[in-house]
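Please read the following with the sequence and the model side by side. The account begins with charged contacts, then turns to a pocket and to the strands.

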Amino acid sequence: MKLTAIIEGEGNGYVSLCPELDIASQGDTVEKARDNLREALELFFEAASPEEVKQRLHSDIFVTQVEVAVG
């Protein structure tokens, strides 16, 4: 299954988020944050019931940019 991973710098590390399931993780590097998120998602799918997956899964996720006036 392909899911979205949003990774952003925070302090001295990185935070990763899967918006489809609202599951997050972190790591010292972008790669580690991504790998830790993958592990968290795999553990979720192993432990969650089909009903919980269906309830939490948001299939309409759009990642885009917006332009705003500043000042």
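**Salt bridges, pocket and strands**

The structure holds 2 salt bridges. The model is a predicted one, and the description below should be read with that in mind.

Which residues are linked in a network of salt bridges? The network consists of Arg34, Asp35 and Arg38. One of its contacts is between arginine 34 and aspartate 35, whose closest N and O atoms are 3.5 Å apart. The other pairs the side chains of arginine 38 and aspartate 35, with an N to O distance of 3.0 Å.

The positions of the second pair follow from the helix. Arginine 38 and aspartate 35 are separated by about one helical turn, because they lie 3 residues apart in helix α1, which covers residues 30-47.

Aspartate 35, with a relative accessible area of 31%, is partly exposed. Arginine 38 is also partly exposed, its relative accessible area being 42%.

The lining of the largest pocket includes Arg34 and Arg38, together with Leu37, Leu41 and Glu42. Met1, Lys2, Leu3, Thr4 and Ala5 also line this pocket. How much space lies in the largest pocket? The volume is about 150 Å³. Sorted by class, its lining has 5 nonpolar, 4 charged and 1 polar residues.

The strands come next. Strand β1 (residues 6-10) and strand β2 (residues 13-18) run antiparallel and are joined by 5 bridges. Within this pairing, glycine 9 has tyrosine 14 of β2 as its bridge partner. The hairpin of β1 and β2 has 2 residues between the strands, and glycine 11 takes a positive phi near 65° there.

β2 also pairs with strand β3 (residues 23-27), again in the antiparallel sense and over 5 bridges. Here tyrosine 14 stands opposite glycine 27 in β3. In the hairpin of β2 and β3, 4 residues lie between the strands, and aspartate 22 takes a positive phi near 55°.

How values were computed:
Residues numbered from 1 in each chain as written. Predicted model: local features only at pLDDT ≥ 70, side-chain atom pairs only at ≥ 80, totals over all residues. Heavy atoms only, no water. Pairing = 2+ DSSP bridges. 1 Å grid on protein atoms, 1.4 Å probe; cavity = no way out; pocket = protein on both sides within 12 Å on 5 of 7 lines; lining within 4 Å. Points joined across faces, edges and corners; volume = space filled by probe spheres on them. Nonpolar A, V, L, I, M, F, W, Y, C, P; charged D, E, K, R; others polar. Salt bridge = Lys/Arg side-chain N within 4 Å of Asp/Glu carboxyl O. Buried < 20%, exposed > 50% of the residue type's maximum accessible area, 1.4 Å probe, protein only.
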